Amino acid sequence: MPPLPSYGYGRECPGPRYGSLIHGQHLKDVVITGHNGTINGQGQTWWIKYRKKLLNHTRGPLVQLMWSRDIQISDITLRDSPFWTLHPYDCQNITIRNITILAPQSDAPNTDGIDPDSCVNMVIENSYISVGDDGIAIKSGWDQYGIAYARPSTNILIRNVTVRSMISAGVSIGSEMSGGVSNVTVENLIVWNSKRGIRIKTSAGRGGYVRQISYQNLTLDNVRVGIVMKTDYNEHPDEGYNPNALPFIGDISFNGIRGQGVRIPVRIYGSQEIPVRNVTFQDMLVGITYKKKRIFQCSFVQGRVIGKIFPKPCENLDLYDEEGRLIKQSTSQNTSTDTIDYDS
């Protein structure tokens with residue numbers, strides 16, 4: 001099949017890509033459902049060939065719907081996808097409910113669970129995901145191709161979902177977000193036995209924006225890094241990207257964060273060219289396993305803490321009481337961080 005228009009010449013290899021087991025384009029009123037029956041992608045063969053560099057094209061997802069609307073996927077199990085498991089691309093009005101997505105936690109490369117890609121009006125709820133990459137990864141195109149395609153992902157609700165990801169994160173935004181991502185709500189999320197809980201990843205060259213993102217009632221159980229935002233994810237489709245296309249990251253709130261067995265609760269690494277703006281933390285209590293200073297790590301971040309939170313926030317953030325009165329104003333956006341990077 002032709003490469004995705006917002007990804008350039010190919011996601012993994014230049015040129016065409018392999019098709020999906022279940023694929024549709026320009027459809028309306030699509031229902032994929034069952035009594036928890038299983039769609040098995042038998043991905044082991046694909047993973048082995050990919051690692052040995054025997055594939056000539058980009059791998060296809062297990063289920064991919066493109067330029068379609070009014071979609072319902074419910075009461076099924078999707079497992080062992082060759083690549084991303086469930087990939088709605090430039091779709092509208094999507095409901096994903098009561099599904100299970102499974103892949104091995106290691107040696108199953110790029111087996112994301114659900115990748116909403118340039119999608120509008122989407123609900124993901126009451127589901128369980130345990131895969132070899134991001135559980136859910138919201139995307140909207142890659143560098144100059146995503147900027148030109150100009151289809152954002154917006155109005156997305158993720159709720160009542162349990163995720164496990166030993167390789168990447170429970171819920172990610174990016175790194176391919178060049179068409180923009182906005183108005184996303186994540187609530188009642190459990191991330192357990194995972195490398196990261198929440199992740200926003202981008203870099204110079206992406207352009208686009210990540211804004212109006214709300215995380216509410218998150219539970220982190222035995223997670224290495226709880227909340228991650230990084231602006232140096234320097235993977236590009238080709239040399240034609242514009243390094244001066246800088247993404248905007250801002251208007252992001254965290255309210256009701258609980259956890260135990262977390263090594264680093266927060267790591268927000270903005271940069272001088274891509275600062276992280278207007279971040280809010282409220283009602284946070286996370287049990288930590290790493291006793292070093294600066295376990296709440298920040299650089300080039302502007303925002304606020306409302307009320308008391310644990311662990312102690314970084315000095316970049318303004319402090320407010322529960323009634324919204326300013327207690328202490330930050331004097332700097334740039335705070336030094338530990339040199340040991342457990343998130344690399």
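Cys-298 and Cys-314 are joined by a disulfide with an S to S distance of 2.0 Å, where a disulfide is a pair of cysteine sulfur atoms within 2.5 Å. The structure, a predicted model, holds one disulfide. In this model local features need pLDDT of at least 70, side-chain atom pairs count only at pLDDT 80 or more, and totals for chains, interfaces and linings use all residues. Residues are numbered from 1 along each chain as its sequence is written, and side-chain values use heavy atoms, with hydrogens and water left out.

The link of Cys-298 and Cys-314 is left-handed, with -75 degrees about the S-S bond. Both cysteines, Cys-298 and Cys-314, are buried (buried means under 20% relative accessible area, exposed over 50%, partly exposed in between; 1.4 Å probe, protein chains only). Cys-91 is in no disulfide, and the nearest cysteine sulfur, that of Cys-119, is 5.0 Å away.

Aromatic pairs number ten. Rings of Phe, Tyr and Trp (its six-membered ring) pair if their centres lie within 6.5 Å; planes under 30 degrees apart count as stacked, over 60 as edge-to-face and the rest as tilted. Two of these pairs are tabulated.

| Pair | Centre to centre | Angle between planes | Class |
|---|---|---|---|
| Tyr-9 and Tyr-145 | 5.7 Å | 75 degrees | edge-to-face |
| Phe-281 and Phe-296 | 5.3 Å | 75 degrees | edge-to-face |

Tyr-9 is exposed at 54% relative accessible area, whereas Tyr-145 is buried at 17%. Both Phe-281 and Phe-296 are buried. Ring pairs also link Tyr-7, Phe-83, Trp-84 and Trp-142 into a cluster.
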